[in-house]
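Biologist: I would like to learn how to read a few features of a protein model, taking each general idea before the case at hand. Could we go through them with the structure in view?

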Amino acid sequence: MSAAIAKEPAASRVRFRIIAAIFLLTTINYASRATLSIAGAPLADQLQISSVQMGYLFSAFAWAYVLGQIPGGALLDRFGSKRVYLWSIVLWSLFTAAQACVGLTSLVPVIGGLFMLRFLLGIAEAPSFPANARIVANWFPNSERGTASAIFNSAQYFSLVAFAPLMGWLTQSHGWRYVFTTMGALGLAAAALFAAVVDAPTRHKRINQAEFNYIESGGALVHLDKASAAQPRAPIRWEILSQLLTNRMLLGIYLSQYCITALTYFYATWFPVYLVKARGLSIMEAGFASAGPALCGWVGGILGGIVSDLLLKRRVSLTWARKLPIVVGLLISGTILLCNFTTSQVLVLTFMSIAFFGKGVASLGWAVLSDVAPREVTGLSGSIFNTFGNAAGIATPIIIGYIVTATASFDAALLFVFAHSVVALLSFVVIVGPIKRLVLAGAHTTARSQQ
């Protein structure tokens, strides 16, 4: 009798360990990108690198990162998330550490060697965010996907708070080479953690049947990395790319992601310069002041995901549960324009913090992508999405540079950034339409039956 009424074992919580590992990994990922920004000044002085040459070195990562998106996504869909992501982590860690060797030998030109290592770093990191989105789709039900996506996406803000002081201290106390070796070593440690913690639900040793049933019934794509007759892998063909690049819903999502990412790159590149040149802060003051908006962006990013998932749990439609936080966040991000109408440093930092908080709330693009990507090509879909987003990393800093040079003021530059919030908002309201998973034309009939 007691056996008959015995309670079923509680569901395991492996998915929460998975997202914690992804958050830590993404924090280190973003910090590794920022190594040259932190170490750049003393490196340039020691190796006699001009400002123009440094500009090209900064661009090397972004160009490679964008070019590597579609191949990286294709690899994810072909070989699965764990294998491709693990190789990605190991390679980007090695390329980060190798930058410490620049200038130690005259056999390798300083500029050419550093440019190539930054380029390879961009290629190696290309699969990272599509893999994050793929793992979230693999592990999290619809009602938790917004929060999970917001957590890994918020790591871009948290990394500035967590690692910028460490890298600054290493540069000042031990020299710029230690920045690269330390971040490379941390990356390799993260690779070991990833290998131990992360795997597909169908293969993970710690997940129990109760958790598996829960996430599967809630919409998690638990068989994403399991090739079978029932769920064949779609080959990467031009017809598939055409569908991903011409679908109205996806085009609206791509455009919005470009605009939202443009806001990110303003804060990551020109914001400290703006504080120094337009608002009179010292370099040290600007460094500390930059942490405020980053913290607000981190809080806003997590809050946006939580609110979106709460709306879903209250039976709000997927479309409104995702769109409402995005639209409200983008409206809040428009606060940046108020900086043009005050001379108070306190108000400027307040407006910037509010704007970055709103941008964080609106950063649900990866959750939306996980909701709409065709099951057969989730990696490729994420790569195309990330290609559009990070194209802003190439264009935005250059355009702002031209605007500031032409006008001798940042007012028009802030208007340019504000306009991106407006376009992103209109894109989600007018272009995207209902949010639903795209089924590829000609896809296997079972894919439709799972919809």
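Biologist: How do the residues of the lining of the second largest pocket divide into nonpolar, polar and charged?

Modeller: Bear in mind that this is a predicted model. The lining of the second largest pocket divides into 12 nonpolar residues, 3 polar and 1 charged. The space in this pocket comes to about 240 Å³, and of its 16 lining residues, Leu75, Val84, Leu91, Ile123 and Pro127 are the closest to the centre.

Biologist: Which elements give two or more residues to the lining of that pocket?

Modeller: Those elements are α4 (69-79), α5 (81-98) and α6 (110-125), and the largest share of the lining, 6 residues, comes from α5.

Biologist: How should I read a pair of aromatic rings, and how many aromatic pairs are there here?

Modeller: Two quantities describe such a pair, namely the distance of the centres and the angle of the planes. In this model the count comes to 13 aromatic pairs. One of them joins phenylalanine 158 and tryptophan 298, whose rings lie 5.0 Å centre to centre with 45° between the planes, and this pair is tilted. Because phenylalanine 158 belongs to helix α9 (residues 155-174) and tryptophan 298 to helix α14 (residues 283-313), the pair ties together parts that are 140 residues apart in sequence.

Biologist: Why is the pair of tyrosine 254 and phenylalanine 388 described as stacked?

Modeller: Planes under 30 degrees apart count as stacked, and the planes of tyrosine 254 and phenylalanine 388 are at 10°, with the ring centres 4.7 Å apart, so the pair is given that label. Tyrosine 254 lies in helix α13 (residues 248-277) and phenylalanine 388 in helix α18 (residues 378-407), so this pair ties together parts that are 134 residues apart in sequence. As for accessibility, tyrosine 254 is buried at 0%, whereas phenylalanine 388 is partly exposed at 32%.

Biologist: Which residues form one aromatic cluster, and where does the charged end of arginine 33 sit?

Modeller: Tyr30, Phe129, Phe152, Trp366 and Phe385 form one aromatic cluster. The charged end of arginine 33 sits over the ring of tyrosine 30, at 4.2 Å from its centre, and that charged end also sits over the ring of tyrosine 65, at 4.5 Å from the ring centre.

Biologist: How should I read the burial of a helix, and which residues are buried in α8?

Modeller: An α-helix has 3.6 residues a turn, so residues three or four places apart point the same way. In α8 the buried residues are Glu144, Arg145, Gly146, Ala148, Ser149, Ala150, Phe152 and Asn153. Helix α8 (residues 142-153) has 12 residues and reaches 17 Å from its first C-alpha to its last, which is close to the 16 Å expected.

Biologist: How many residues of helix α17 are buried?

Modeller: Helix α17 (residues 365-372) is mostly covered, with 8 of its 8 residues buried, among them Trp366 and Asp371.

Biologist: Finally, what separates the C-alpha atoms of leucine 24 and asparagine 247?

Modeller: The two C-alpha atoms are separated by 34 Å, and the residues are 223 residues apart along the chain. Leucine 24 is found in helix α1 (residues 14-33) and, at 38% relative accessibility, counts as partly exposed.

Terms used:
Residues are numbered from 1 along each chain as its sequence is written. This is a predicted model: local features need pLDDT of at least 70, side-chain atom pairs count only at pLDDT 80 or more; totals for chains, interfaces and linings use all residues. Side-chain values use heavy atoms; hydrogens and water are left out. On a 1 Å grid over the protein atoms alone, a cavity is a set of points where a 1.4 Å probe fits but cannot get out, and a pocket is an open set with protein on both sides within 12 Å along at least five of seven lines; lining residues have an atom within 4 Å of a point. Grid points are joined across faces, edges and corners, and a volume is the space filled by probe spheres set on the points. Helices (H or I, at least four residues) and strands (E, at least two) are DSSP runs, numbered from the N terminus. Ala, Val, Leu, Ile, Met, Phe, Trp, Tyr, Cys and Pro count as nonpolar, Asp, Glu, Lys and Arg as charged, and the others, Gly among them, as polar. The expected span of a helix is 1.5 Å times one less than its number of residues. Buried means under 20% relative accessible area, exposed over 50%, partly exposed in between (1.4 Å probe, protein chains only). Rings of Phe, Tyr and Trp (its six-membered ring) pair if their centres lie within 6.5 Å; planes under 30 degrees apart count as stacked, over 60 as edge-to-face and the rest as tilted. A charge sits over a ring if NZ of Lys or CZ of Arg is within 6 Å of the ring centre and within 35 degrees of the ring normal.
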